[in-house]
Amino acid sequence: MDFQNRVGSKPGSGGVLGASESNVDRRERLRKLALETIDLAKDPYFMRNHLGSYECKLCLTLHTNEGSYLAHTQGKKHQTNLARRAAKEAKETGSTVPVPTTGQTTVHVRKNLIKIGRPGYKVTKLKDPVTRQSRFFVPDTVS
């Protein structure tokens, strides 16, 4: 097979970047750009742990590098937790500070909450006496 007329065939060129190499290069460029625009020293939730990875103290998530943390701060989980924290602080102080909302994220504070771990139904296991097959019965309401 003749390889001399292919792309990147000159000696020392190393060939064309593969998909993984181009992804690594793109992530590195985006990380450098983000670090120029955002100062992580001022972020109250950013923390470097003893293993060398990074943590978000608000969401309790672990990140391998700064770029991953910065991507997390723009994500839904972090933004929801920020809105929840702002609503909690506004409730504690009794002020009417507007809660920051991003996109479709809304926080509704309800007083009559259903406890987690209390299902709204009860499953009963029944066995047919003739065929000896088991079945499950779910009534409409729980008493």
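How many disulfides does the count come to by the distance rule? This is a predicted model, in which local features need pLDDT of at least 70 and side-chain atom pairs count only at pLDDT 80 or more, while totals for chains, interfaces and linings use all residues. Residues are numbered from 1 along each chain as its sequence is written, and side-chain values use heavy atoms, with hydrogens and water left out.

The count comes to zero disulfides, a disulfide being a pair of cysteine sulfur atoms within 2.5 Å. The closest cysteine sulfur to that of C56 belongs to C59 and lies 3.8 Å away, which is too far for a bond. C56 is buried, at a relative accessible area of 1%, and C59 is buried as well, at 9%, where buried means under 20% relative accessible area, exposed over 50%, and partly exposed in between (1.4 Å probe, protein chains only).

P44, by contrast, counts as exposed at 52% relative accessibility, and it sits in the loop that runs between helix 1 (19–37) and strand 1 (46–48); helices (H or I, at least four residues) and strands (E, at least two) are DSSP runs, numbered from the N terminus. Although P44 and K57 are 13 residues apart in sequence, their C-alpha atoms are 8.2 Å apart in space.

On the surface, Y121, V123, F136 and V138 form a nonpolar patch with about 430 Å² of accessible area together. F136 belongs to strand 5 (residues 134–137) and is exposed, with a relative accessible area of 60%.

Definitions and conventions: Patch = residues over 30% accessible without salt bridge, like charges linked within 9 Å, V, L, I, M, F, W, Y side chains within 5 Å. Areas by Shrake-Rupley, 256 points an atom, 1.4 Å probe, with all protein chains shown as cover. Salt bridge = Lys/Arg side-chain N within 4 Å of Asp/Glu carboxyl O.
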